[in-house]
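Please open the structure in a viewer and keep the sequence alongside it.

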Amino acid sequence: MGGTTAETSSAELMVDLIISLDGYASAEGWPGWWGLEGPEYLAWLGEEGKKNYTFLLGANTYRVMSGMSGEAAAGGSEFSEDEGAALTGLDAVPKVVFSSTLQAPLEWANSELVAGNAVEAVREMKRTGTRPLSTLGSLSLCRSLLTAGLVDRFRLVVFPVITGRTGRERIYDGYPDVSLEMVDSRTFDGRLQLLEYVPTVIDGPPGGGPG
């Protein structure tokens, strides 16, 4: 059984996702973070924001997040103070947007448009770059980068909700088989669980062929 781990490079790439217990990235009618963000989690997000990541995202995530950031900056939105600060804080962060439909220059500050093959572009960024890389949403991009063996860390924050009826954006659809070696875990606010892994793409179940 073969396996694919992240290629050796200067710039480490992390897939970073928030997820409900049943595997959804969001849910219709629920607030951001499923309404369960607490002070420990928000403080941790603030610290993560100081790590000089370059964020990678696709066109759909770009449209949604840039619109939300602009809405938060304009004031009078329905975002909480913490949500608004997190959204407007993304303005100053370097962002690389992969899209064949968007047009340069992008309006969201510090956003670079790449129209070519995302996997090859990220492979080159990892080879030549020095800043850590992290995905921002963009589920199909995350899947492609993982399948290509470019992901060094796979990190989840699991929210204790089941949104089987209202859940949107199933995270693992279309994924290859992946083995995960846990390298970090912690609990925020007594309810949110961070899980961080080194991923290895595999051909099938260990010790045998495809089931």
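The radius of gyration is taken over C-alpha atoms, and the globule rule used for comparison is 2.2 Å times the number of residues to the power 0.38. This is a predicted model, in which local features need pLDDT of at least 70 and side-chain atom pairs count only at pLDDT 80 or more, while totals for chains, interfaces and linings use all residues. Residues are numbered from 1 along each chain as its sequence is written, and side-chain values use heavy atoms, with hydrogens and water left out.

**The whole chain**

For 211 residues, a compact globule would have a radius of gyration near 17 Å, and the chain agrees, having 17 Å. Its C-alpha atoms fill a box of roughly 55 × 40 × 30 Å along the principal axes.

Colour next by secondary structure: the chain has five helices and 11 strands. Helices (H or I, at least four residues) and strands (E, at least two) are DSSP runs, numbered from the N terminus. Contact means heavy atoms within 4.5 Å. Among contacts in the chain with a separation of 6 or more, 74% are made by residues 24 or more positions apart.

A surface display may follow. The accessible surface of the chain is about 11000 Å², and 51% of this belongs to carbon and sulfur atoms; such areas come from the Shrake-Rupley method with a 1.4 Å probe, and for residues only the protein chains shown count as cover. Buried means under 20% relative accessible area, exposed over 50%, and partly exposed in between (1.4 Å probe, protein chains only). By this criterion, 43% of the 211 residues count as buried.

**The largest nonpolar core**

A nonpolar core is a set of buried Ala, Val, Leu, Ile, Met, Phe, Trp, Tyr and Cys residues joined through side-chain atoms within 4.5 Å. Select Leu 13, Leu 17, Leu 56, Phe 98 and Leu 145, which touch the most other members of the largest core, a set of 30 residues. Two or more residues of this core come from each of strand E2 (13-20), strand E5 (95-98), helix H4 (118-128), helix H5 (139-147), strand E8 (153-159) and strand E11 (192-202). The greatest contribution, five residues, is that of H5.

Centre the view on Leu 17. Beyond its neighbours within four places in sequence, Leu 17 contacts Gly 137, Leu 139, Cys 142, Phe 154, Arg 155, Leu 156, Val 157, Ile 171 and Tyr 175.

**Helix H5**

Which residues of H5 are buried? They are Leu 139, Leu 141, Cys 142, Leu 145 and Leu 146. Viewed down the axis of H5, these buried residues fall within an arc of 160°, so they line one face of the helix; the arc is that of the directions from the helix axis to the C-beta atoms. After H5 comes Gly 149, with a positive phi near 75°.

Select residues 54-58. Five of the five residues of strand E4 are buried, so the strand is largely enclosed by the rest of the structure. Thr 54, Leu 56 and Gly 58 point one way from E4, whereas Phe 55 and Leu 57 point the other way.

Two strands pair if DSSP finds at least two bridges between them. E4 pairs in the parallel sense with strand E7 (residues 133-135) over three bridges, and Leu 56 stands opposite Thr 135 in E7. E4 and E5 also run parallel, joined by four bridges; there, Gly 58 has Phe 98 of E5 as its bridge partner.

**Met 125**

Move to Met 125 in helix H4. Its relative accessibility is 21%, so Met 125 counts as partly exposed. Apart from residues up to four places away in sequence, Met 125 touches Ala 11, Thr 54, Leu 56, Val 96, Phe 98 and Leu 133.

**Backbone exceptions**

Most residues other than glycine have a negative phi, and most peptide bonds are trans. Select Trp 33, in the loop between strand E3 (24-27) and helix H1 (39-48): its phi is positive, about 55°. Trp 33 is buried, with a relative accessible area of 15%.

Finish in the loop between E5 and strand E6 (111-114), where Pro 105 lies. A cis peptide bond, with omega about 0°, joins Ala 104 and Pro 105. Asn 110 lies in the loop between E5 and E6 and has a positive phi near 60°. At 48% relative accessibility, Asn 110 counts as partly exposed.
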